[in-house]
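Thanks for coming, everyone. I have one chain to show today.

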Amino acid sequence: QAADTIGPVAQTAEDLRGRVSALEHSPPYGMAAIACTPDLSAINGNMVFQQGGKLIHQSVGAFNAFCPVSATHGPVTWTRLKVLYRDPDGLGTTSRVKAALRHVFLRGTSTEPETVAELDSDDFADTQPVEHEMLINHVFDFERSYYFLQVSLEQAQPTTHAFFGGFSLLD
């Protein structure tokens, strides 16, 4: 009978370990576009303005904005990237929003950024503000890499107003 008493306790402990493991998810990470930095071509060319936390293209041509991904407490297991944007012509070619989650090794042979996940608004027909999600297959290692989101906004007409609203990294 002692074995019967120990059996359920061990099973309960295993259940508890399983529940604790299920709770060990990375907290979500997000950033509004207003916290990102447009490149010098956008600033010097008066190509971007900020409104309601968004970066809005107000001219013609292309520019990049860079959003840091800060190191978080403990290892992270993010598996999804969500990006909020507006591409006024959807699948058309007069405007485009591209977002690439990238990392640069802190030490090592390569100083070139590597792409972890990428979104191109021209792959979707949406013409209104939308949040698209993509899967990430990457082991985040903040001890060896810096991470950032690079967003490119392009448009051929100054009145279309493509915009980037922000992003989230989720488990």
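I'll go from the overall fold to charged pairs, and then to the aromatic rings.

First, a caution: this is a predicted model.

Start with the fold. The chain has two helices and 11 strands. Which order do they come in along the sequence? The pattern reads α-β-β-α-β-β-β-β-β-β-β-β-β. There are 171 residues, and buried ones make up 38% of them. The exposed surface comes to about 9700 Å². Carbon and sulfur atoms supply 55% of that surface.

Now contacts across the sequence. Take the contacts between residues at least 6 apart in sequence. Of these, 73% join residues at least 24 apart. Keep that figure in mind as we look at single pairs.

On to charges. How many salt bridges does a search of the whole structure find? Five. I'll walk through some of them.

Begin with R80 and E133. Their side chains meet in a salt bridge, 3.3 Å from N to O. This pair links distant parts of the chain. R80 sits in strand β6, E133 in strand β9, and 53 residues separate them. R80 is partly exposed, at 23% relative accessible area. E133 is also partly exposed, at 39%. The reason is the cut-offs: buried means under 20% and exposed means over 50%, so values in between count as partly exposed.

Stay with R80 for a moment. Strand β6 covers residues 80-86, and R80 is in it. Then look at L169. R80 and L169 are 89 residues apart in sequence, yet their C-alpha atoms are 5.8 Å apart in space. Leave aside neighbours within four places in sequence, and the R80 contacts fall in two stretches of numbering.

Next pair: R96 and D122. Again it is a salt bridge, 3.3 Å from N to O. R96 lies in strand β7, residues 95-105, and D122 lies in the loop between β8 and β9, so the pair ties together parts 26 residues apart in sequence. R96 is partly exposed, at 25%. D122 is buried, at 19%.

D120 is in strand β8, residues 114-120. D120 is buried, with a relative accessible area of 14%. Which side chain does the D120 side chain meet in a polar contact? That of R96, at 2.5 Å. A polar atom of the D120 side chain also lies 2.9 Å from the backbone nitrogen of D122. So here is the local arrangement: R96 has a salt bridge to D122 and a polar contact with D120, and D120 is buried. Beyond four places in sequence, D120 touches R96, V97 and K98.

One more salt bridge: D141 with R144. Their closest N and O atoms are 3.9 Å apart. D141 counts as partly exposed, at 27% relative accessibility. R144 is partly exposed as well, at 48%. Some bridges share partners: R80, K82 and E133 are joined into one network that way.

Now the rings. The structure holds eight aromatic pairs. Take Y29 and W78. Their ring centres are 5.9 Å apart and the planes sit at 45 degrees, so the pair is tilted. Y29 is in strand β1, W78 is in the loop between β5 and β6, and they are 49 residues apart. Both are buried: Y29 at 13%, W78 at 1%.

W78 has another partner, F142. Here the centres are 6.3 Å apart and the planes are at 90 degrees, so the pair is edge-to-face. F142 lies in the loop between β9 and β10, so this pair ties together parts 64 residues apart in sequence.

Which residues do ring pairs link into a cluster? Y29, W78, F140, F142, Y147 and F167.

Last item, a charge on a ring. K54 lies over the face of F163, 5.2 Å from the ring centre.

That's my tour. Questions, please.

Definitions and conventions. Residues are numbered from 1 along each chain as its sequence is written. This is a predicted model: local features need pLDDT of at least 70, side-chain atom pairs count only at pLDDT 80 or more; totals for chains, interfaces and linings use all residues. Side-chain values use heavy atoms; hydrogens and water are left out. Helices (H or I, at least four residues) and strands (E, at least two) are DSSP runs, numbered from the N terminus. Buried means under 20% relative accessible area, exposed over 50%, partly exposed in between (1.4 Å probe, protein chains only). A polar contact is a pair of N or O atoms within 3.5 Å; within protein, one must be able to donate a hydrogen and the other to accept it, and residues adjacent in sequence count only if both atoms are side-chain atoms. Contact means heavy atoms within 4.5 Å. Accessible areas come from the Shrake-Rupley method with a 1.4 Å probe; for residues, only the protein chains shown count as cover. A salt bridge is a side-chain nitrogen of Lys or Arg within 4 Å of a carboxyl oxygen of Asp or Glu. Rings of Phe, Tyr and Trp (its six-membered ring) pair if their centres lie within 6.5 Å; planes under 30 degrees apart count as stacked, over 60 as edge-to-face and the rest as tilted. A charge sits over a ring if NZ of Lys or CZ of Arg is within 6 Å of the ring centre and within 35 degrees of the ring normal.
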